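Please read the points below with the model open.

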Amino acid sequence: MTKKIILDLDTGIDDALALAYALGSPELELIGVTGTYGNVLVETGTRNVLALLELFGRPDVPVYAGIPHASTKDSFEVLPVSEFIHGKNGVGEAELPEPQGQIQETGAVDFLIDSVKEHGDDLVIIPTGPSTTIAAAIEKDPSFAENAHIIMMGGALTVPGNVSPWAEANVNQDPDATDAVFRNAKDVTMIGLDVTLQTLLTYEETRTWHDLGTTGGDFLGVATDYYIKSYETNSPHLGGCGLHDPLAVAVAADPSLVTTLDINLKVDTGGETRGRTIGDETRLNDPVKTAHVAVGVDVERFLGEFMERLTSLAENTDLRQ
Ligand code: BDR
Ligand code: CA
């Protein structure tokens, strides 16, 4: 039986890899993609998603636009560090043809609320960018928080952040929104830097994609090489790039890839630790734990699944001209 999923992406190189992982996973049925700001503007990210769905032969998947800026702000500009990591076009300057498809007229918030109502426990929502759109769905319809199953990429519990000693990039964009998710949603699995900085990809693996001689292989190779290069500058000690967003999708397909800690979470929304994901002291003794933080990962098994799924997806795209 397949599991229905919705991806909420700020596409973004590793978001693109997460989308490819979903499309390459027979256990997962992608019923829609919602686009948030973050690595890019909403318009750039949703355009990338439409183009990638066409590249990988899935133009049937509907794409919805989410909220274009943080809940506490009225506009958004791409941070220089995001542009450095993901490129101006969000996908490492890899070329993607102008998509034929259009964004849906329904907004992402309503699509998310309606989908949870329709599919209930058969659906998993996978946000891999700022939490703004998910928090807006919670605010608009409390039954969403009650019934949604969420596996999110974001946060850091046992390791420092990646934009400050406290904050991880997705949470940092809208700490109040992630805090609202943690305080209200009844089932959130957090795939944070604790595990995603253990799952690293190198030029050795991207060579496989360049060698396929297909448009899909070329895209994956060029975009991921750009991403690896940024890690060589920003985090040379790692020896590869972090597969943040694809790991969240992999966990939706196979939860046994990670070990989790059950806990009630909050986000610090003020002071110098703004953006920190940490246990909520006011719910410490609550027997019901609403969050499950991944603290261990089977790196070898995940990397094997990752390469197998993305390579066979890319193999089946058009030959390079
Ligand atoms: C997260 O931040 C974004 O830049 C990545 O796409 C990922 O979702 C990692 O901190
Ligand atoms: Ca992302």
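The note takes the pockets, then the ligand, the cavity and the backbone.

1. Basis. This is a predicted model, in which local features need pLDDT of at least 70, side-chain atom pairs count only at pLDDT 80 or more, and totals for chains, interfaces and linings use all residues. Residues are numbered from 1 along each chain as its sequence is written, chains are lettered from A and ligands numbered from 1 in the order written, and side-chain values use heavy atoms, with hydrogens and water left out.

2. Largest pocket. The largest pocket holds about 620 Å³ of space. On a 1 Å grid over the protein atoms alone, a pocket is an open set of points with protein on both sides within 12 Å along at least five of seven lines, and a lining residue has an atom within 4 Å of a point. Points are joined across faces, edges and corners, and a volume is the space filled by probe spheres set on them. The lining has 33 residues, and Ile85, Asn162, Ala169, Tyr231 and His244 are the closest to the centre. Helices H1 (13–23), H3 (80–86), H7 (169–173), H11 (215–234) and H12 (244–253) each give two or more residues to this lining. Elements are DSSP runs numbered from the N terminus: helices are H or I with at least four residues, strands E with at least two.

3. Lining classes. The largest pocket is lined by 13 nonpolar, 15 polar and 5 charged residues. Here Ala, Val, Leu, Ile, Met, Phe, Trp, Tyr, Cys and Pro count as nonpolar, Asp, Glu, Lys and Arg as charged, and the others, Gly among them, as polar.

4. Ligand 1. Where does ligand 1 sit? Ligand 1 sits in the largest pocket, in the sense that more than half of its atoms lie within 2 Å of the grid points. The residues around ligand 1 include Asp14, Asp15, His86, Met153, Asn170 and Asp245; a residue counts if one of its heavy atoms lies within 4 Å. H1, H7 and H12 each supply at least two residues of this shell, which divides into 2 nonpolar, 6 polar and 4 charged.

5. Polar contacts of ligand 1. These are pairs of N or O atoms within 3.5 Å. An oxygen atom of ligand 1 lies 2.5 Å from a side-chain N or O atom of Glu168. For Asn39, a polar side-chain atom is 2.7 Å from a ligand oxygen atom, and for Thr128 a polar backbone atom is 3.0 Å from one. The protein covers 94% of the 280 Å² of accessible area that ligand 1 has on its own, by the Shrake-Rupley method with a 1.4 Å probe.

6. Second largest pocket. Its volume is about 240 Å³. Of its 13 lining residues, Leu55, Glu95, Leu96, Pro97 and Thr215 lie nearest the centre. Helix H2 (42–55) and H11 each give two or more residues, and H11 gives the most, with 4. The lining divides into 7 nonpolar, 1 polar and 5 charged residues.

7. Cavity. The structure holds 1 cavity of 30 Å³ or more, a cavity being a set of grid points where a 1.4 Å probe fits but cannot get out. The largest cavity has a volume of about 40 Å³. Strand S5 (residues 150–153) gives the most to its lining, with 3 residues. Among the lining residues are Pro127, Ile134 and Val181, and by class there are 6 nonpolar, 2 polar and no charged.

8. Backbone. Most residues other than glycine have a negative phi, and most peptide bonds are trans. The peptide bond from Thr11 to Gly12 is cis, with omega near 0 degrees; Gly12 lies in the loop between strand S1 (3–9) and H1. Glu93, not a glycine, has a positive phi of about 60 degrees, and is placed in the loop between H3 and helix H4 (108–119).

Conventions. A polar contact is a pair of N or O atoms within 3.5 Å; within protein, one must be able to donate a hydrogen and the other to accept it, and residues adjacent in sequence count only if both atoms are side-chain atoms.
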